[in-house]
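Here is a model to pick apart by way of questions and answers. Have a look at it first, then follow along.

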Amino acid sequence: MRYLEQLRAVVTGVVEGSVIITVICASLEIIDVLWEDYNTGHMNEVARKLLITNDVINEFGDVKITVTMLEEEYKACRAYFLQSSGKP
């Protein structure tokens, strides 16, 4: 959560069973950092460190994490910020 707080992202919900975290980005810079972190695998590493604790491993065994950030959502969000700022 500190990772998201550092980006000034707001978590809007988590669903039990699968963890689905919806993030509202407040700026173009935040969405670009998230996209970069997603593409480099950093977001997956952070999620693994935060969510896969020893307690989780002891209870469930091998747990896999896949972080997904849809490119079309990234592009739409980026376009929104560019349009709002008046940049081409």
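Before we start, a definition: buried means under 20% relative accessible area, exposed means over 50%, and partly exposed is whatever falls in between, with a 1.4 Å probe and protein chains only as cover. The model is predicted, so local features need pLDDT of at least 70 and side-chain atom pairs count only at pLDDT 80 or more, while totals for chains, interfaces and linings use all residues. Residues are numbered from 1 along each chain as its sequence is written, and side-chain values use heavy atoms, with hydrogens and water left out.

Q: In what order do the elements of the protein chain run from the N terminus on?
A: Helices (H or I, at least four residues) and strands (E, at least two) are DSSP runs, numbered from the N terminus. The secondary structure comes to five helices and two strands. Read from the N terminus on, the order is α-β-β-α-α-α-α.

Q: What share of the 88 residues of the protein chain counts as buried?
A: For the surface as a whole, Shrake-Rupley with a 1.4 Å probe gives the accessible areas, and for residues only the protein chains shown count as cover. The chain exposes about 6800 Å², with carbon and sulfur atoms supplying 53% of it. Of its 88 residues, the buried share is 25%.

Q: Is C25 buried or exposed?
A: The relative accessible area of C25 is 12%. The cut-off for buried is under 20%, so C25 is buried.

Q: How many disulfides does the structure hold?
A: A disulfide is a covalent bond between the sulfur atoms of two cysteines. Here it is called when a pair of cysteine sulfur atoms lies within 2.5 Å. C25 is in no disulfide, as its nearest cysteine sulfur, that of C77, is 5.3 Å away. C77 is in no disulfide either, and the count for the structure is zero.

Q: How far apart are the end C-alpha atoms of helix 5?
A: The expected span of a helix is 1.5 Å times one less than its number of residues. Helix 5 has 15 residues (71–85), so it should span 21 Å. The model agrees, with the end C-alpha atoms apart by 21 Å.

Q: Which residues of helix 5 are buried, and which are exposed on the other side?
A: The buried residues are Y74, F81 and L82. What covers them includes helix 2, residues 28–40. On the other side, the exposed residues are E72, E73, Y80 and Q83.

Q: What arc do the buried residues of helix 3 fall within?
A: Helix 3 spans residues 42–51, and its buried residues are M43, V46 and A47. Seen down the axis, they line one face of the helix, because they fall within an arc of 100°.

Q: What kind of pair do the rings of W35 and Y38 make?
A: Rings of Phe, Tyr and Trp (its six-membered ring) pair if their centres lie within 6.5 Å; planes under 30 degrees apart count as stacked, over 60 as edge-to-face and the rest as tilted. A search of the whole structure finds three aromatic pairs. The rings of W35 and Y38 have centres 5.6 Å apart and planes at 35°, so the pair is tilted.

Q: And what kind of pair is Y80 with F81?
A: Their ring centres are 5.4 Å apart. Their planes sit at 70°, so the pair is edge-to-face.

Q: Which residues do ring pairs link into a cluster?
A: W35 and Y38 are three residues apart in helix 2, so about one helical turn separates them. At 15% relative accessibility W35 counts as buried, while Y38 at 25% counts as partly exposed. The linked residues are W35, Y38 and Y74.

Q: How far apart in space are L34 and Y74?
A: L34 has its place in helix 2. In sequence, L34 and Y74 are 40 residues apart. In space, C-alpha to C-alpha, the distance is 9.1 Å.

Note on methods: Contact = heavy atoms within 4.5 Å. Arc of directions from axis to C-beta.
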